[in-house]
Amino acid sequence: MNRPLALDIDGTLTRSNGTVDPRIFDVLRDWGAPVVLATGKSFPYPVALCHFVGIPETVVAENGGVVYAADEVTVTGDRARAQAVAEEFVARGGDLGWGDADTTNRWRETEIAVHIESDEALLRAVADEFGMEVVDTGYAYHVKAPGVTKGKGLKAVCETLSLDPETFVAIGDSENDVSTFELVDESYAVANADDRARAAAATVLDESYSDGTLSVLESLR
Ligand SMILES: O=C(O)COP(=O)(O)O
Ligand SMILES: [Mg+2]
């Protein structure tokens, strides 16, 4: 049987232009072992991806703030405090960067994401004042409660599904994947990964983005 997978989305299942690599769909649908999508995106995004790939909805969203497995949803984190950081950031001249509809945060339950081109220094200063953490995924800055991580979320999924985290293979590209890499037995950073992900991964791949991920999945099959 194939190994269970913990997969980051942005930078890992996507190509350099940010779109999901269509080759991923059939590989994941036919995987035959649990696939956990572990992402910084808000809850609906990985659920939708599972839905359209055609695999059970097993999800760690919002960097571990929302965990969903076997019809059980667990929510941790501090959306109210993250919201307070966002409001203070805007009051001091910052811009979340998503426009009025803000579909990035609209359905976000436990943290707030800020556009990667926003004022990082200001955001970090305000988050610090509120005792909140800023995680840089390469795609956005996430304002979250300390201690909430994808790794803890994956551990919770494993408890719900009676799986051993050590049997998982994890693939990712940024500092929000470090906790996942630390939990599992076999971890890969794609070549586009940031320094923290590269340092934490057991293996750093030569290939970038979905090419790297597909090469790992091909070798595991
Ligand atoms: O939401 C982000 O900023 C990044 O998402 P990811 O964790 O799937 O890479
Ligand atoms: Mg990523």
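Which domains does the shell around ligand 1 draw at least three residues from? Let's walk through this predicted model and find out.

## The shell around ligand 1

Both domain 1 (5-76 + 148-220) and domain 2 (79-144) supply residues to the shell around ligand 1, with at least three coming from each. There are 13 residues around the ligand, and I9, D10, T39, G40 and T137 come nearest.

Now to the division of the chain itself: domain 1 takes in 5-76 together with 148-220, while domain 2 covers 79-144. Between their C-alpha centres there is a separation of 23 Å.

At the place where they touch, 13 residues of domain 2 are in contact with 18 residues of domain 1. On the domain 1 side, the touching residues comprise eight polar, five nonpolar and five charged ones.

## A closer look at K150

One residue deserves a stop of its own. The unreviewed UniProt entry lists K150 under "binding site". In the model, K150 lies in helix α5, which runs over residues 150-161.

Is K150 buried or exposed? K150 counts as buried because 30 other C-beta atoms lie within 10 Å, where 20 or more are enough for that label.

Who are its partners further off in the sequence? Setting aside neighbours within four places in sequence, K150 is in contact with A38, V60, N63 and G64, and also with N176, D177, S179 and T180.

Key:
Residues are numbered from 1 along each chain as its sequence is written. Chains are lettered from A and ligands numbered from 1 in the order in which they are written. This is a predicted model: local features need pLDDT of at least 70, side-chain atom pairs count only at pLDDT 80 or more; totals for chains, interfaces and linings use all residues. A residue is near a molecule or strand if its C-beta atom, placed from the backbone, lies within 6 Å of it. Domain bounds come from an automatic or database domain assignment. Two residues are in contact if their C-beta atoms, placed from the backbone, lie within 7 Å. Ala, Val, Leu, Ile, Met, Phe, Trp, Tyr, Cys and Pro count as nonpolar, Asp, Glu, Lys and Arg as charged, and the others, Gly among them, as polar. UniProt positions are given in the numbering used here, feature names are shortened, and annotations may be inferred rather than shown by experiment. Helices (H or I, at least four residues) and strands (E, at least two) are DSSP runs, numbered from the N terminus. A residue is buried if 20 or more other C-beta atoms lie within 10 Å of its own, exposed if 12 or fewer, and partly exposed in between; C-beta atoms are placed from the backbone.
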